[in-house]
Structure formats: C-alpha cells, structure tokens
Amino acid sequence: MQMREAAAIATEASLLDIRNLQIRLRRTRGAGLSVLDGVSLTVERGETIGIVGESGCGKSVLSLSILGLLPSAMRIGGGEIWYEGRHPLHTMTDRDIRAFRGKEIAMIFQDPMSSLNHGLTIGYQITETLRLHLGYSRKEARERAVWLLRKVGLPRPESLLREYPHQLSGGMRQRVMIAIAVSCNPGLLIADEPTTALDVTIQAQILDLMRQIREEDGTSILLISHDFGIIADMCDRVLVMYAGQIVESGTVDDLFERPLHPYTAGLLRSIPTPAKKNSPLYSIEGHVPALHERGAGCRFASRCAHATERCRTEQPELVAYRGGHAARCFLAEAEGGNRHAAV
Amino acid sequence: MNYYARRLLTLLLTVLFVLLLTFAAFRIIPGNPALVILGTEATDAQIALLEEKLGTDRPLAEQFADWLVAAFRLDFGESLRFSEPVTHLIAGRLPVTVSLAVMSLVLTIAVGIPLGIIASRARGKAADMLVTIGTQLGLAVPSFWMGIMLILAFGLTLKWFAVSTFTPWSENPLLAVKSLVLPSAALAVPQIAIVVRYLRTSMLEQLGLDYVRTARSKGLRESAVLYKHVLKNALLPVITIIGINFGELLAGSLVIEQVFTLPGIGSLLITAIGNRDYPLVQGLVVLIAFTVIAINFVVDLSYRWLDPKIRLQ
Amino acid sequence: MKRMKSYSLVLGASFVSVLFVVMLISLVYTPHPPNEMNIRERLQAPSVRHWLGTDNFGRDILSRVMVGSQTAFEVGAVSVAIGLLGGFLVGTLAGYMGKWVDELLMRATDALLAFPGILLALLLVSISKPSLFQTMLAIGILSIPSFARVIRSGVLQHKEADYVKAARGLGAGHANLIFVQIAPNIASSVVTTAALSFSTAVLIEAALSYLGLGVQPPDPSWGRMLNEAQSYLAKAPWFTLAPGLLITLTVLGFNLLGDGIRDLRDKKS
C-alpha cells in the first residue's frame, strides 16, 4: 500500500484551500461578468468532497481553475487557491503550475472518448506522464503502465498499450483515464462528471474503482456531479452550487436529513427513487439565471416558493451553523439553522 | 465487396476511360489524320505511307485494341518528328520534370507546414483576414508569371541565379539543383498557400477538441501539446491535400518548363503539339494522366492507413 | 469571423465589378488604339502619355491590357456556360437515375478529372489549330466535372426530401421536379462553382496563350502578352507587370466572390 509521502509532513494546512475565488469573463474594459462569486472550500487529506449543482452553476469552471486550465475567455478575478498550505496556485505562471498538473493534482473528465487523443495509442498516453514527471525510461514507463492498467482492472494490459481509444469501450476508456490520472500518485484527484457519459452499470464500476484508489493510495477526491445520488454515495462532505455561488455545504447526512436551502431541498426531491414510481417526477420550476440576469438579491429568489421581499433585494451570506453545516439563505438565518427547508 | 477491391476496380475503369479519351481525341478529327499532319501538299503515296505507319487505314476498333495492348506494354510507337521510340524520348526528359516536382514538394512541405503552424497561433479578426488574403493571393497568382517575376528579381536584378540555363544532373548535381530553385519556388507558391489554409483550419479544429485539455492537465509543455498531440492529427488531411494537388503541380510544371526553358517532359509536350507529333503527344498525355491517377490512388490508400480510426475498424 | 467572411464577398464583388466595367469601357474606348504600332516609341517606361508604358511594337500597354480583359471575360463566360450545361446534363442524369448510370457517368467524370486542367486543354487543342474557339471549348469541357459533381450531389440530397415527395404526390413530372423544386436549392452551390470555374478558366486561358496554343493574334490575351514581354524582361520589366497583375486580380476577384457566396450559404444553413 502506498500512502502519500507528504502525509509525513506534520502540517495543519488543508490539502486544498480555496478562499473566496472569483472567476470573471475577460473583457477589454471593466471587470467583466462574474462566473464564480466568492467560492471557498477546503479539501483535507483523505477526504472526498462533492460539488453538486445544475449545469451552468460553475462547478466545472471551479474544477478547471485549480490547475489553471480556464478557457481563455475567463480569468481569475480574485481570491486564492492554496495547495498543501504553501503553494499559491492562483498566482502561478503556466510554467510553474505544470509541475503540479498530472503529478500532485490530476483530473479526469466527463467524456473519455473525446478526452483521449484518438490518434495516439493508450500506451503512449499513459507513459507520457510517467516519463515527463517521474523521469522513467521508455522501458520502465511501459512496465509501470502495464501495472497501472492492471490496477484499474483492465484485462490484457500488455496488448492494450498498443491499442487506440476507439477500440475500447466507454468504461474501459474511463479506466484508462483514471490510470493516467493516478500514474504519478497525486494527492488530489479532481473528477469532473466522471460517470455521466457512461452506462449505469459501468457507472457503479467506475465509482468502485475510485473508492479502491482512495483506499489504497489515500488520494483525496474532489468529485463534481449533477447527480446527487453519486455524490451521496462517494462523498464525506458536499457543497451545493447555484449560479456561481455555494448555497449550502455540509456532510452528506446533514444535507439529506436537514437541507437548509430550498434549492438543496428541491434537488433532493427530484431524485427518482422506487418510492416515487407512480408519481410525476418533480423538477424545480424556472431556470438558472444567465450571467447578466443575476440581480441584487438572492439568485434563487425567482424560483423559490418562500422568497420574501428581502430575498429579492438583498444578497444572503453563507452562514455556518451547527457542525459546519452552512447555508446561504435568509430563511435559514431566521431559524438559526434549525429549519428543515421545504421546497 | 472489399473496399480496396472496389477502389481498384474504379481505378481500372478510370484508366480505361483515360485511354479511350486519349485515343479518341486524335480520331475525332474530321478527315484524314495523315492528311492533317502532312498538309495539303502531300502526295498520295506519302499519305498512304503515313497512314500505314499510324495504322489509320484499319478499322477503328482494331486500331483501339492494338493501341491499348501496346499502351499497357508502354509502347506508344515512334515519334513522327524525331523517329525515336516515344518511350525513349520521354525517359530522357523525365529526370528534369521529376526533380522539379520533387523539389517543389520539398519546398511546399518545408515552408508550408511551419507557416501553417504559425498561422494557427494567430487568432483574432485581423489575423484571420491577413491569412485569408495571403493565401488567396498565393492561389491567384499564375505560377508562370511568378516564375517570370522571380527571374526578374533573383536572376536579373540580384543576379543570384543564371537565367535560362539548365545543367543536367549528370554534369553537376549542385548546379542542377541551383537551376531548379526558382522554377520550383514558382510552382510551390500556390501549393504553400493551400497547405497554410488547410493546416490552419485543421489545427484550429484540433485545438478545440477535449484531448487538448487533457494533455495540458497532464502537465505537458504547450509545445509538446502542439507537436506531439495536435500536429499529428492535424497533418493527416493536409497530407492528403498535398497528394491530391500533385496533379496541379504537374500541370504547372508543364508551363514553368517553358518559362525557364527546362528540358523536361512539359516542353517536350509543347514541342510535340506544335509538330503535330501525335504518337508523342498521346504517350505523354497518357503518362501524365496515369501518374496523377496513381498518386491519387496511393494518397487515398495511405489516408486510410494513416488514420488509426479507419485502419483498425 | 462574421465580418471577415463578408469581406470576401464584398472584396470579390468589387474586384469583379471594376474589371467588368473596365472591360465594358474598352469596348468603346481605350487611351490609344490597342493595335497601333509605333516603332519609335517602343519599350517606353510608364509615362503620362502611356500610363503603363509601351510594348516592343510601340503599342500602348494600358490599352492592350484593357482589351485583353474582353478575352478573359469571354473565355470565362463561354467556358462556364459549357461546363454548366454539360455538368447539368451529367449531374442530373447521374443523380436522378442512379445505379449503373450514375456509376458509369461518375467514372467518366473521374477520368476527366484525372487530367490536370491544362493537360486536357492541351490535348484538345492539339487536335486542331489553336484558336479562341478551341480554347473556350477545351476549358468548357474540363469545367464539366465540377458542375456535374455539385449538381449530382444536390440532386441526390434533395431527391428524397419531403417537399419533393410532396410535389411528386401532387403529380409533378420529372422536369418540374428538377427545374422547379430542386434547382433553387442548389443554386448557390452552382453559383459558387461558376465563380471558381471562371477564375480557373482565366488562368488556363492565360497559360495556354502564353504557350502560344491559346488565343491567337490579333485577338488580345494577357497570357500572350506575358510571353511577348518575357523576351524584354531585362530592358522593359514593367511590360510583364501589367498583364500578370491583371490575371492575378481577375482570378483573385472571382475566387473571393465564389468563397464569399459559399460562406453566405453556410451561414444561412
């Protein structure tokens, strides 16, 4: 079993510490529209943190910003991203941050077919990272690649090296992506919708694999998904995002038993379960406001059945209640975090 | 039917049509070909002799069959003017044209690909316009005029190159290359324009794909992403384009050889046409057409072989 | 990107219009009579009297170049017309009837395409004496494949379209289907092909005439002027500039026009 060597460093710092991150759209003049508004989160060693939200809430942008992979149209407008308490990722140049990419922090993406290079062999794409970060020779890298493929549960690893992505099934491709990601034993694995493009049966397998990796190597995971079920399955703590902000955070139990924010309650209610078989599936009315549609008040107000006048004019702060359970809602504030949010 | 078998059949059919066309071209002239060649002053005896030589006194179908068989043996008869076997004459002139074509291709690749990569780094409206206008100009300039301009600039004004002299390969390879520089440059200009255009499009297309983000997320340097991941995929269609354009390259060389008075098959063809030397014209036309067909066929096959997605279906 | 693409169309259309106007003007007026020889004034550099200088016979280059545009446009227009007609016949037959007719016609088209442009023209020109007519015919024939391909693919695409089936259901005959229903939809592709074929025609005519196998004197031609000019490259370099520039501009204009129309159609769809 391989544990993170860095765990020997007795430090209080979190593995990943994002403070008040703001991401804006680049504009020639002025500040530009903000995509992410003051997002903060921490990931401790060995933790699995989930980020859940609808598409457009900014969760993918958040994950890309950690390694400086934002599209050119966006930039970090404020806030800090600290790794291991001493590496300020938000200030790093491309050159400096490259040392972390694929080595300390690795990412896997949603669609393994398009995320792998169709014109290069699997073997090349795995050994590339090994040779780049760990200085392996070609032979050493091949051997290690075989070991990695076996580790992620792929059969016939030696022949797989010579094959191309299109020759594999979707599940196998995602396993390859995971193999690439863990090849240099990263401390943090960022998984952006890793199972969304896969069959339901394969989804479970991939999640199992991620659990296995977590146990064997002690890797922390930042899991992003729109699927609350997966988040609940895998994560210790969850952050709920809406329109570029965190609207609720807490343990999985906290959120399931006592959601404080109406949006969270809505998300929970819309999870299909066998119990709801014969009733119409619930979905939250309305739509996520576009970047320029965000008004001064709570961004969820337009869809919230309990919105007050204050909700529409004032922006609620993210307030922490018992046990680290936090919510961004005036109604929750009013009841001191004791309320069970209704939809 | 197997894809390759079908392609081969198509190829054969096309070849047959080419031969038919080349043969028919000289038989559709109203009147007697021998008469046309010799002119109205010829005596009956001379005409009869030429007719026998040409074989035009026999039925058309028979003529075609004979000619076809001979063509497959690469026997196109004797040149009317030079009284030498056509194949001989062509073989003598082939090295010049081949070296010209090869040099143009080398230039196209050596200049076109780097330029295409540079063009793909430049984004934004101004860059787009610049690249478009540049490539459009490159395509619009007639290569024979470019040749004349190059002679003016580098031959006469700067005197870097001798004008209108060609040193055969057997005499002095270095000088031979030197005398081919300007003509191959003239030929390469439109080819380079095409390469830049297609490579830029292809690279921009690839750069928008997800695997580029994955490659970056692995910590690769931007140059590694570009050259090891993107370029390899982007070059594939470009190589096909270069191959397909080879025909145009050959066509251009026909005229360029006149501009620079190079003793290649292009100038041989022009001479033959001027002399109404039909066997020679036929042989040359068939040779050039076949070369183009063969190259297109090879390019088609190699594209399927080079793209892993198609190769390993 | 949007603004840039319309640059193509605008630029192309302007070039072509200017050249067209110059051509029209040349029909009734040129600064000097284009064929008037004046040996004393031969090979003069550009001056106020002769804006582009004079050639080896003392003729005004500007006037000759203007008149040369007539040939360019004539050859372009006629060969495009021939190509369009032939391509239409082949394309509709192949696309409409399908199966072995399609296969046969397409192989024949491929055979035509196997000849690099000018080679076919040379072949056809070698059969009989070079002349304006031969040139137009030869280039026309070698334009047929591009039109045939475009029209065929258009027919194939729309043959099974709902609106065609509807028209057929209402009793429309073949002619109606082809001309009234399908034709308007492929119009813009055909126009693009026409523009690009025009520029190819101008290029090939120039090359043929340069080789002496195209348009013969006294018919004017930019290509032949280049041939004449090359002999005097050292003494009178400006002589080679004008005809070459005009060929370039004409080809450029029609290429931009063709691309512009195609971009317009791509944007709409």
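Two residues are in contact if their C-beta atoms, placed from the backbone, lie within 7 Å. The model is predicted: local features need pLDDT of at least 70, side-chain atom pairs count only at pLDDT 80 or more, and totals for chains, interfaces and linings use all residues. Residues are numbered from 1 along each chain as its sequence is written, while chains are lettered from A and ligands numbered from 1 in the order in which they are written.

**Chain pairs**

No contact joins chain A and chain C. Their closest C-alpha atoms lie 16 Å apart. Two pairs of chains are in contact, and chains B and C share the most contacts. There, 42 residues of chain B meet 39 residues of chain C. Six elements of chain B each supply at least two residues of the side that touches chain C: α1 (3-25), α6 (125-140), α7 (143-157), α11 (246-259), α12 (265-274) and α13 (278-306). Helices are DSSP runs of H or I, at least four residues, and strands are runs of E, at least two; both are numbered from the N terminus.

| Class | Members of the class | Residues on the side of chain B that touches chain C |
|---|---|---|
| nonpolar | Ala, Val, Leu, Ile, Met, Phe, Trp, Tyr, Cys, Pro | 32 residues |
| polar | the others, Gly among them | seven residues |

**Chain C**

Chain C has nine helices and zero strands. Its C-alpha trace spans about 75 × 45 × 30 Å along the principal axes. Of its 269 residues, 50% are buried (20 or more other C-beta atoms within 10 Å of the residue's own, with C-beta atoms placed from the backbone). Among contacts in chain C between residues at least 6 apart in sequence, 70% join residues at least 24 apart.

Definitions and conventions
A residue is buried if 20 or more other C-beta atoms lie within 10 Å of its own, exposed if 12 or fewer, and partly exposed in between; C-beta atoms are placed from the backbone.
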